[in-house]
Amino acid sequence: MQQALVTPDRIPEWIPGTMTMDSSRRGWKGITLKGYHYDRQQAAIPPMRDYMIVAYDGAPTTMSRSAGGAWQSAAVGAGKISLC
C-alpha cells in the first residue's frame, strides 16, 4: 500500500513550530505559501506532496534526504537554502 503524501498543513505534526506566514486566505490560484519557524535541528519528515524551501539560520549541521533513491547529505547552516 502506498503511503499518502503529506500536505504543508500537516508539517507541524512532525516538526512542532510556529507558523510565521500563511497565504491560504489570499485567494491565490495554484500556489500557497506557508512559513514555519522551528527550533529543532533534526526531524524525520515523511514524503511530501509539495515542494518545500528550507532556509537555515542556525549552527552548521548535516542535512540528509532521499527522494526514493540513495540518501544524499550536505552541510547546511546560516545562509543556506535547500529545495526539498
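## Aromatic pair

Y38 is partly exposed, because its relative accessibility is 23% (buried is under 20% relative accessible area, exposed over 50%, partly exposed in between; 1.4 Å probe, protein chains only). The model is predicted: local features need pLDDT of at least 70, side-chain atom pairs count only at pLDDT 80 or more, and totals for chains, interfaces and linings use all residues. Residues are numbered from 1 along each chain as its sequence is written, and side-chain values use heavy atoms, without hydrogens and water.

The count is one aromatic pair. Y36 and Y38 are stacked, at 5.9 Å centre to centre with 20° between the planes. Rings of Phe, Tyr and Trp (its six-membered ring) pair if their centres lie within 6.5 Å; planes under 30 degrees apart count as stacked, over 60 as edge-to-face and the rest as tilted.

## Nonpolar core

Y36 also belongs to the largest nonpolar core, with V6, I11, M48 and M52. Such a core is a set of buried Ala, Val, Leu, Ile, Met, Phe, Trp, Tyr and Cys residues joined through side-chain atoms within 4.5 Å. M48 touches L5, V6, T7, P8 and I11, leaving aside residues up to four places away in sequence (contact: heavy atoms within 4.5 Å).

## Salt bridges

There are four salt bridges (a side-chain nitrogen of Lys or Arg within 4 Å of a carboxyl oxygen of Asp or Glu). K34 meets D9 at 2.9 Å, N to O. R10 pairs with E13 at 3.0 Å. E13 counts as exposed because its relative accessibility is 52%.
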